[in-house]
Amino acid sequence: MRREADPARGYALAFLSAIILSTTAIFIRHLSEGYRLPSLVLAFWRAGFAAGTLFGIMGIVCPSRLRVARRDLGFLARYGLVLGCFNATWTVAVALTNASLATVLVNGSAAFTAVLGWWFLDERLDWIKLAAVALSLAGCVIVSKAADPAVWRANALGVLTGTGSALCYATYSLMGRRAARRGIWPWTAVAYTFLFSCAFLFLLNLVPGLPGRTSGALLHLGGRAEGWGWLFLLAAGPTVADFGIYNASLRHLPSSVASLVMTSEPVFTAVLAFGLFGERMDGSQLAGSALILGGVAFLRLREGLRTAQPVPETP
């Protein structure tokens, strides 16, 4: 039976997902710099370990949840393809830029999600949501310094790849909402999407000349057990938890609202990036972070006030 939507629960889950997701850029940066792991190879193993973890746990705890209707397999395959595109572009963006910039760029997906959700899923697109999107985007531009032409001249490929990951994440959010409407259990959807994503990324790693991969690099880590351990920890920990919790939030929130809540992630990522890599945010970037959080708070406050309004009695 499909659970009734609970917006408060949805907001809590989306914020928790943002906090968990903020750690993944740190893992990726460590693997990229410390072990020189090619980005697309990292994305492939991340998806594979995540799928293996979920199928292993669910096969023991709730095997019946792994059974899906045949009519849903095609949808889950497309869903996995979108997830693979997102993980590939975002992982490359982190390697080409830095943890803070790549994370901020992907959070531009809030605008894409709001428009696409209104277009394809008939989600509300009123001035409140548009204002929240505007605040979020303004914050993203300030934090990433995307308005500075030097950023584009210095690393145009990184910025463009990060923007592409935003569009992929917006599409992923919409498909997550559609999966919820189909009645697919969130963790089941995540398990199958990572499985199909892994297959797509394997094929992508066979294409020569792509950024983020090198010939014969799937076993790049070789016998370095510590590197494999970090990679497995990334996949089985924050990756599985983040995507599963985010999909669960989509059972309670419109995709556009969940995506807006996720824009709070750069604040957490910036704090971690500062502590581990010494990546500092100046005053303007801190102000941009405040705008991002303000947009989410504005949306939540307005929805809370609207919910609290008494329903007029019918005569």
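Author: A charge sits over a ring if NZ of Lys or CZ of Arg is within 6 Å of the ring centre and within 35 degrees of the ring normal. The model is predicted: local features need pLDDT of at least 70, side-chain atom pairs count only at pLDDT 80 or more, and totals for chains, interfaces and linings use all residues. Residues are numbered from 1 along each chain as its sequence is written, and side-chain values use heavy atoms, with hydrogens and water left out.

Reader: Over the face of which residue does Arg182 lie?
Author: Arg182 is partly exposed, with a relative accessible area of 30% (buried means under 20%, exposed over 50%, partly exposed in between; 1.4 Å probe, protein chains only). Arg182 lies at 4.5 Å from the centre of the ring in question. That ring belongs to Phe75.

Reader: Over the ring of which residue does the charged end of Arg65 sit?
Author: The charged end of Arg65 is 4.3 Å from the centre of this ring. The residue that carries the ring is Trp185.

Reader: With which residue does Arg182 form a salt bridge?
Author: The structure holds 2 salt bridges (a side-chain nitrogen of Lys or Arg within 4 Å of a carboxyl oxygen of Asp or Glu). In the bridge formed by Arg182, the closest N and O atoms are 2.5 Å apart, and the partner is Asp72. This pair links distant parts of the chain, 110 residues apart: Arg182 is in helix H8 (residues 149-182) and Asp72 in helix H4 (residues 70-96) (helices are DSSP runs of H or I, at least four residues, numbered from the N terminus).

Reader: Which residues are linked in a network of salt bridges?
Author: Asp72 also meets the side chain of Arg71 in a salt bridge, at 3.3 Å from N to O. Asp72 is buried at a relative accessible area of 5%, whereas Arg71 is exposed at 60%. The network links Arg71, Asp72 and Arg182.

Reader: How many disulfides does a search of the whole structure find?
Author: A disulfide is a pair of cysteine sulfur atoms within 2.5 Å, and a search of the whole structure finds 0 of them. Cys168 is in no disulfide, as the nearest cysteine sulfur, that of Cys85, is 5.1 Å away. Cys168 is buried, with a relative accessible area of 16%. The number of disulfides is 0.

Reader: Are the rings of Trp45 and Trp228 stacked or edge-to-face?
Author: The structure has 16 aromatic pairs (rings of Phe, Tyr and Trp, the last by its six-membered ring, with centres within 6.5 Å; planes under 30 degrees apart count as stacked, over 60 as edge-to-face and the rest as tilted). The centres of Trp45 and Trp228 are 5.1 Å apart, with the planes at 90°. Trp45 lies in helix H3 (residues 39-61) and Trp228 in helix H10 (residues 225-249), so the pair ties together parts that are 183 residues apart in sequence. The arrangement of Trp45 and Trp228 is edge-to-face.

Reader: What is the arrangement of the rings of Tyr79 and Tyr172?
Author: Tyr79 lies in helix H4 and Tyr172 in helix H8, so the pair ties together parts that are 93 residues apart in sequence. Tyr79 is buried at 0% relative accessibility, and Tyr172 is likewise buried at 0%. The ring centres are 5.0 Å apart and the planes at 35°, so the pair is tilted.

Reader: Which residues form one aromatic cluster?
Author: Tyr79 and Tyr172 are among the members. Phe75, over whose face Arg182 lies, is also included.

Note on methods:
Helices (H or I, at least four residues) and strands (E, at least two) are DSSP runs, numbered from the N terminus.
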